Amino acid sequence: MATADPDRPGFLLPLLLLAGFRTLVDDLHAELARQGHPELRPLHGFVLQAVGGGTTATELGQRLGVSKQAAGKTVDRLVALGYLERADDTRDARRKLVRVTPHGLDGLRRSAEVFDRLRQRWVETLGADRVAALEDDLRAVTPANPFRLDVPGWLGG
């Protein structure tokens, strides 16, 4: 069994991974604010992705790993900000769907573009080979589908 390196304690790895994530997300939101989306928060990206082509508040809560009430509160906020809208379900009049608005789609599109530029900054700092190796190494130690929509519930629960 390998011995622990006292200069690299085990708890440091998740902290560094979180710091890298936090740096990227903070930089993303600073740029989104400059581009006309100052009200978007990290949670909102998960919500907009989870809504997809349309869903109910109950289904959204399940996808996010939060209660229906928590999902509804976030939906209310994003509706008020113009990122989501509520609409009647044409297949079932008892259901209300939540859908992403054009403003929400613009925020998602800009997020993708900004993330590409942020990755490029890492490439300029670390080199293309090191960033690619980092991504490959993280793929080797994480599940096949790293994008989990239930992160808000996991963080809060």
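Visitor: Which helix of the chain has the lowest confidence, and which has the highest?
Guide: The chain averages a pLDDT of 91, and 92% of its residues score at least 70. Where pLDDT is low, the predicted coordinates should not be read in detail. With that caution, the lowest mean, 68, belongs to helix H7 (residues 151-156), while the highest, 97, belongs to helix H5 (residues 102-126).

Visitor: Which element gives the largest share of the largest nonpolar core?
Guide: This core has 19 residues, and those that touch the most other members are Val47, Leu48, Val51, Leu60, Leu64 and Leu84. Two or more residues each come from H1, helix H2 (42-51), helix H3 (57-64), helix H4 (68-80), strand E2 (92-100) and H5. The largest share, five residues, is that of H2.

Visitor: Which residues is Val51 in contact with, leaving aside its neighbours within four places in sequence?
Guide: Val51 is among the core residues that touch the most other members, a group that also includes Leu60 and Leu84. Once the neighbours within four places in sequence are set aside, the contacts of Val51 are Leu60, Arg63, Leu84, Val98, Arg99 and Val100.

Visitor: Is Leu138 buried, partly exposed or exposed?
Guide: Leu138 lies in helix H6, and it is one of the residues that make the nonpolar surface patch. Buried would require under 20% relative accessible area and exposed would require over 50%. Because its relative accessibility is 32%, Leu138 counts as partly exposed.

Visitor: How many residues apart in sequence are the parts that Glu59 and Arg95 tie together?
Guide: The side chains of Glu59 and Arg95 meet in a salt bridge, at 3.3 Å from N to O. Glu59 counts as partly exposed at 27% relative accessibility, and Arg95 likewise counts as partly exposed, at 26%. Since Glu59 lies in helix H3 and Arg95 in strand E2, the pair ties together parts whose separation in sequence is 36 residues.

Visitor: Which strands hold Glu85 and Arg99?
Guide: A salt bridge joins the side chains of Glu85 and Arg99, with 3.2 Å from N to O. This pair links distant parts of the chain, 14 residues apart, with Glu85 in strand E1 (residues 84-89) and Arg99 in strand E2.

Visitor: Is Arg139 buried, partly exposed or exposed?
Guide: Arg139 forms a salt bridge with Asp136, and their closest N and O atoms are 3.3 Å apart. Both residues lie in helix H6, three residues apart, which is about one turn of the helix. Asp136 is partly exposed, with a relative accessible area of 47%, whereas Arg139, with a relative accessible area of 55%, is exposed.

Visitor: Which residues do salt bridges that share partners join into one network?
Guide: Side chains of opposite charge can pair when their charged atoms come close. The count for this model comes to 15 salt bridges. Through shared partners, one network is formed by Glu59, Asp89, Arg91 and Arg95.

Conventions
Residues are numbered from 1 along each chain as its sequence is written. This is a predicted model: local features need pLDDT of at least 70, side-chain atom pairs count only at pLDDT 80 or more; totals for chains, interfaces and linings use all residues. Side-chain values use heavy atoms; hydrogens and water are left out. pLDDT is the predictor's confidence in each residue, from 0 to 100. Helices (H or I, at least four residues) and strands (E, at least two) are DSSP runs, numbered from the N terminus. Patches are made of residues with over 30% relative accessible area and no salt bridge: like charges are joined within 9 Å, nonpolar side chains (Val, Leu, Ile, Met, Phe, Trp, Tyr) within 5 Å. Accessible areas come from the Shrake-Rupley method with a 1.4 Å probe; for residues, only the protein chains shown count as cover. A salt bridge is a side-chain nitrogen of Lys or Arg within 4 Å of a carboxyl oxygen of Asp or Glu. Buried means under 20% relative accessible area, exposed over 50%, partly exposed in between (1.4 Å probe, protein chains only). A nonpolar core is a set of buried Ala, Val, Leu, Ile, Met, Phe, Trp, Tyr and Cys residues joined through side-chain atoms within 4.5 Å. Contact means heavy atoms within 4.5 Å.
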